[in-house]
Amino acid sequence: MDRVGEEILDKYGNHSKIIKYNNYEDITIEFDDGTQINGRYDVFKRGGLVHPFERTFYNKGYMGIGKYNTKDMAYRYWHSMLKRAYDTIEHNRYPNYIGCSVCEEWHDLQSFGKWYEDNYYEINGELMCLDKDILNKGNKIYSSETCIFVPNRINVLFTNCKKARGKYPLGVIKTKDRKYRARCSVYYKETNKSKNIELGRFNTPEEAFYAYKEFKEQYIKEVADEYKDKIPKKLYDAMYNYKVDIND
């Protein structure tokens with residue numbers, strides 16, 4: 001059956017028509033602005049062949065035109081990034097993502113996919129995380145200048161859990177006897193588990209924090225040295241120069 005010329009509006013009101021019909025699973029459609037995409041006839045008929053520049057992901061992201069699609073690993077990182085930046089439900093769960101944004105270039109999956117292809121790496125099967133604020137502390141923008149892939153073990157070193165710890169500085173807990181205890185989580189390869197190391201009890205939260213700060217900064221350097229030949233140099237340098245602040 002020749003279905004060339006059939007027209008429809010996609011889910012977002014964009015008008016398109018079939019300009020080439022090879023078979024049920026292979027058609028080419030064209031939108032009013034001249035953009036062309038391929039797809040299945042049944043998806044077309046239900047308005048599912050959406051204009052590739054329609055911002056269908058959190059009113060920001062769009063698929064674009066290129067080789068990257070929803071089946072690629074790049075898409076998973078891209079979608080998770082948009083979710084962290086723009087999903088209000090995610091912000092209720094993780095308030096530290098409030099105020100984050102994604103650069104305009106990366107609203108296009110194809111642009112992010114190219115950067116992903118050029119920058120992604122793996123280390124002995126470790127989970128890799130897309131990080132935006134190790135290279136630039138306090139950064140809230142996901143972009144090619146600010147982001148880097150890091151193994152999860154390094155990523156969790158910089159998680160501050162501000163919501164969970166309450167009013168006291170990072171690494172500080174108030175004890176029942178009105179003292180302040182400093183402690184830091186350390187990972188042990190032998191057991192593949194992390195354990196809190198007690199760093200002492202102090203009279204003020206500030207004293208406890210500075211004990212934590214000294215230990216944590218040294219521990220980050222030790223982990224950086226352990227990964228030195230496995231991670232990008234700019235990540236290694238950022239870890240070595242990282243400073244823990246009482247307001248973190």
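Is Arg153 buried or exposed? In this predicted model, Arg153 turns out to be buried, with a relative accessible area of 13%. Its side chain pairs up with that of Glu226 in a salt bridge, 2.7 Å from N to O. The two residues come from distant parts of the chain, with Arg153 in helix α5 (residues 152–155) and Glu226 in helix α7 (residues 205–226), 73 residues apart. Glu226 itself is partly exposed, at 33% relative accessibility.

That pair is one of 14 salt bridges in the structure. Another joins the side chains of Arg55 and Glu104, again with an N to O distance of 2.7 Å. Arg55 sits in the loop between α1 and α2 (73–86) and Glu104 in the loop between β5 (101–102) and α4 (109–119), so this contact ties together parts 49 residues apart in sequence. Arg55 is partly exposed at 32%, and Glu104 is partly exposed at 45%.

Lys45 and Glu6 also meet in a salt bridge, at 3.6 Å. Here helix α1 (residues 41–45), which holds Lys45, is linked to the segment before β1 (7–9), where Glu6 lies, across 39 residues. Lys45 is partly exposed at 43% relative accessibility, as is Glu6 at 24%. Beyond simple pairs, Glu25, Arg40, Asp42 and Arg46 are linked in a network of salt bridges.

The cysteines tell another story, with a count of 0 disulfides. The sulfur of Cys100 has its closest cysteine sulfur in Cys147, but at 9.9 Å that is too far for a bond. Cys100 is buried at 6% relative accessibility, and Cys103 is buried at 17%.

How values were computed: Residues are numbered from 1 along each chain as its sequence is written. This is a predicted model: local features need pLDDT of at least 70, side-chain atom pairs count only at pLDDT 80 or more; totals for chains, interfaces and linings use all residues. Side-chain values use heavy atoms; hydrogens and water are left out. A disulfide is a pair of cysteine sulfur atoms within 2.5 Å. Buried means under 20% relative accessible area, exposed over 50%, partly exposed in between (1.4 Å probe, protein chains only). A salt bridge is a side-chain nitrogen of Lys or Arg within 4 Å of a carboxyl oxygen of Asp or Glu. Helices (H or I, at least four residues) and strands (E, at least two) are DSSP runs, numbered from the N terminus.
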